[in-house]
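Me: I have a structure open and I'm new to it. Can you walk me through some of its contacts?

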Amino acid sequence: MTVGTSITRREGYNKLTGRAQYIDDLSFPEMLHGKTVRSTIAHGQIKNIIFDPAFDWSVVTIADWRDIPGRNIVALIEEDQPLLAKDFALHYAEPILLVAAETKEIAETAVSHIKIDYEELPAVFSIQDSLKSSVRIYGENNVFKKYVIDQGDVVEGFRESTHVIEGEYIVRHQEQLYIEPQGVIAVPREDGGMTVYGSMQCPYYVHKAIKANMALPDDRVNVIQTVTGGGFGGKEEYPSVIAGHAAVLARKAGRPVKMIYDRAEDLAATPKRHPAIIKHKTGLDQDGKINAVEIEIDMDGGAYATLSSVVLSRAAIHALGPYKSPNVRIAARAIATNTPPNGAFRGFGVPQACFACELQMERIAKQLRIDPIDLRRNNLLRLGDITATGQRLDYSVSAEQVLDQALEHSRFYEKRDLYERQRKEDPDSPTIKGIGVSLFMHGAGFTGSGEDKMKGQAGATLTKDGRVKLLTASTEIGQGTRTIFVQIVASEIGIPIDLIEMEEPDTSKVPDSGPTVASRTCMIIGGVMQRVARTIKEALTEFVAERFGNTSIEIKDGQFVDSEGKSLIAFQEAAREYQEVRGALEVFHRYSSPPGIKWDDDEYKGDAYPVFSWAADVIEVEVDHDTYETTVLNITTAQDIGRAINPVLAAGQVEGGTLQAVGYALLEEVVSDKGRMLNNSLTNYIIPTSVDTPEIHTILVENEYPFGPFGAKGVGELPMDGPAPAIAAAILNATGVLVNELPITPERLEKSWRGL
Ligand code: MOS
């Protein structure tokens, strides 16, 4: 069986040899190049657009909001965001006009000859300012969304507590930094429709958006994902914006239009991880058991609603991390500011919530002088326990297992003693070492009733030569979708992987599997794929049984065999004959929740996710006394993601996510002035590179989930959640200083350390 083995990734060869065609490698006859004219202010009324008479405007196509044939919205959840600003700009870099020309250079020159006059309005750039200011960005109070999760009685809970400890945690923007920037090509069709090619996670999101903008029916819009150089959430919602822009230009010009952002534009204009302020108040009894928890989360959504409500919801549900408390109140708000909208980024609210939760555990341990490991062990969720939303954990609960594994493999206690000894013996050493832990969980799939509403679809068909072709809109964005789906189907049917092909992710050819987000691809759509495979197997087995007059047959290594193991017919031949006799075989299934899953959207109570993945990080750091620089020396991570369909790809997900989170913890800082990103280049927006990469020891703990394909759960986002608090805990261990803000830059550490 190929599940559980590390076959090479399917698209790897083409990527390594340069054969893979990314969006910028594609070209169409008569194709133009599009550019965007963006707001240069954070908030204001558009008064006048001046086209410099010195420029020859006959060589370009200009489009504004009036050229949108359908609705001037970015169709996502709410409809507050215009595709092109009409009267007002609500944030810096907001798209106002579009320009297309024969070359990118001409388009850029044209853009530089357009000047927009504004009447500037007061603007707000922080959560605090937005809440107290009279500047209105969204609704009556600038609150996009609010959730309250309630369990037990927190007032009573705090009254009964021996200790009450409060902490505040602050996290900021982070950029997804996919290697390939945003890019699309829109091609107008003879039937009046539009075909869009692009770098994206969610072809059907773009399909929905283009239909609304172009006022076209389903079958006149066709969206094709091209080979995509990374997404990390950053290509969840924004492709709908850039695709809409290209489509508007293409329609006006009557020619294909390519739009590719350069890095500076991509960094300045596209969504980032939500900044947040998170407050914890924890009541504990005298044995260090948590008795009451109050958590307030305020997230900065930027100027439009986009996905903030769902990011917020995930943050709220994960706010208490892998711990239990009889009394809980979690209040979460997403707030509007005059900054570019923040959006999906691997982790989707949980890295923020997890940083606060895990550092609060460190704070409690420090104040109560208890071992932070004991504190965690004393409060962690076990099988049968109830989460903050009232979900009873019936399957695959591994908080304690991953903690034990990470501690053991890292030799945590031994190292902690050693570093303590070293710090005592050599107090004048220029560098000091410390070690820290984080424990965390991440729900797989959409939150709450999301999967039941979506009913994600996948299918398969037989090719003429008797192979199985998989039909899904779940995209390959480097994480291994194409490889693991092939493994799941091959293993379920019992055929070699080379008998499986994959249809290209083209909305005219594949069903809507839902977006490639939310750690849902393997568990949710992989599970649907497994059912599709089972149906194909059953149909062919029944056919072969009838043909050979033998009902006790099965498929082994691509052969139908009888009960003695004698080969009757090859799978491929049987699949060809099946089609000759019975015609085409096309199988589709939709996701349906496992039995017993219940979620109440109004009360925000119930089974928030079908199941959770669990992980623990142990991180060792070295802190420089003189420069306040922190170097990560070593990371040990134990992650329960259920069955690993492809262990090498799964470990790759873990390592990549972990390193991305090292950047979040120590390096990545968006510097802004009035909502305008100042360091929008890779020379000064610093991410970890290979030289900054510590040893990462990954332990896959495979606590199988009975309703996942072959026991698999989600892996995409989990590894992103834990490293930042583990690094902060290691710094605390080394220095005695708890830095409650990210990123922990030398400047910020110095400030905390010296009590400035
Ligand atoms: Mo994701 S951050 O759910 O694309």
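**Contacts, domains and salt bridges**

Reply: Start with K258: a polar atom of its side chain lies 2.8 Å from the backbone oxygen of L26. A polar contact here is a pair of N or O atoms within 3.5 Å; within protein, one must be able to donate a hydrogen and the other to accept it, and residues adjacent in sequence count only if both atoms are side-chain atoms.

Me: What kind of model is this, and how are residues numbered?

Reply: This is a predicted model, in which local features need pLDDT of at least 70 and side-chain atom pairs count only at pLDDT 80 or more, while totals for chains, interfaces and linings use all residues. Residues are numbered from 1 along each chain as its sequence is written, and side-chain values use heavy atoms, with hydrogens and water left out.

Me: Back to K258. With which side chain does the side chain of K258 make a polar contact?

Reply: With the side chain of D24, at 3.0 Å.

Me: Where is K258, and is it buried or exposed?

Reply: K258 is in strand β12, residues 257-260. Helices (H or I, at least four residues) and strands (E, at least two) are DSSP runs, numbered from the N terminus. K258 counts as buried because its relative accessible area is 6%; buried means under 20%, exposed over 50% and partly exposed in between, with a 1.4 Å probe and protein chains only.

Me: Which residues does K258 touch?

Reply: Not counting residues up to four places away in sequence, K258 touches I23, D24, L26, M31, L32, H33, G34, V184 and I185. Contact means heavy atoms within 4.5 Å. As for K104, which is 154 residues from K258 along the chain, the two C-alpha atoms are separated by 9.2 Å.

Me: Changing topic. What domains is the protein chain divided into?

Reply: Domain 1 (13-121 + 182-260), domain 2 (276-447 + 602-753) and domain 3 (456-590). The bounds come from an automatic or database domain assignment.

Me: How many residues are in contact between domain 1 and domain 2?

Reply: 17 residues of domain 1 are in contact with 21 residues of domain 2. The centres of domain 1 and domain 2, taken over C-alpha atoms, are 36 Å apart.

Me: What area is buried between domain 1 and domain 2?

Reply: About 1,600 Å², with carbon and sulfur atoms giving 61% of it. Buried area is the accessible area (1.4 Å probe) that two parts lose on being put together, summed over both.

Me: Which residue does R534 form a salt bridge with?

Reply: With E492, the closest N and O atoms being 3.2 Å apart. This pair links distant parts of the chain, with R534 in helix α15 and E492 in helix α14, 42 residues apart. R534 is partly exposed at 34% relative accessible area, whereas E492 counts as buried at 12%.

Me: Which residues are linked in a network of salt bridges?

Reply: R9, E11, K15 and E476 are linked in one.

Me: What about Q487: where does it lie?

Reply: Q487 lies in helix α14, residues 481-493. At 0% relative accessibility, Q487 counts as buried. The side chain of Q487 makes a polar contact with the side chain of N646, at 3.0 Å. Leaving aside neighbours within four places in sequence, Q487 is in contact with T2, V3, T5, I7, I645 and N646.

Me: Last one, R363. Is R363 buried or exposed?

Reply: R363 counts as buried because its relative accessibility is 18%. R363 lies in helix α9, residues 350-368. Leaving aside neighbours within four places in sequence, the contacts of R363 include I165, E166, Y169 and L738.

Note on methods
Salt bridge = Lys/Arg side-chain N within 4 Å of Asp/Glu carboxyl O.
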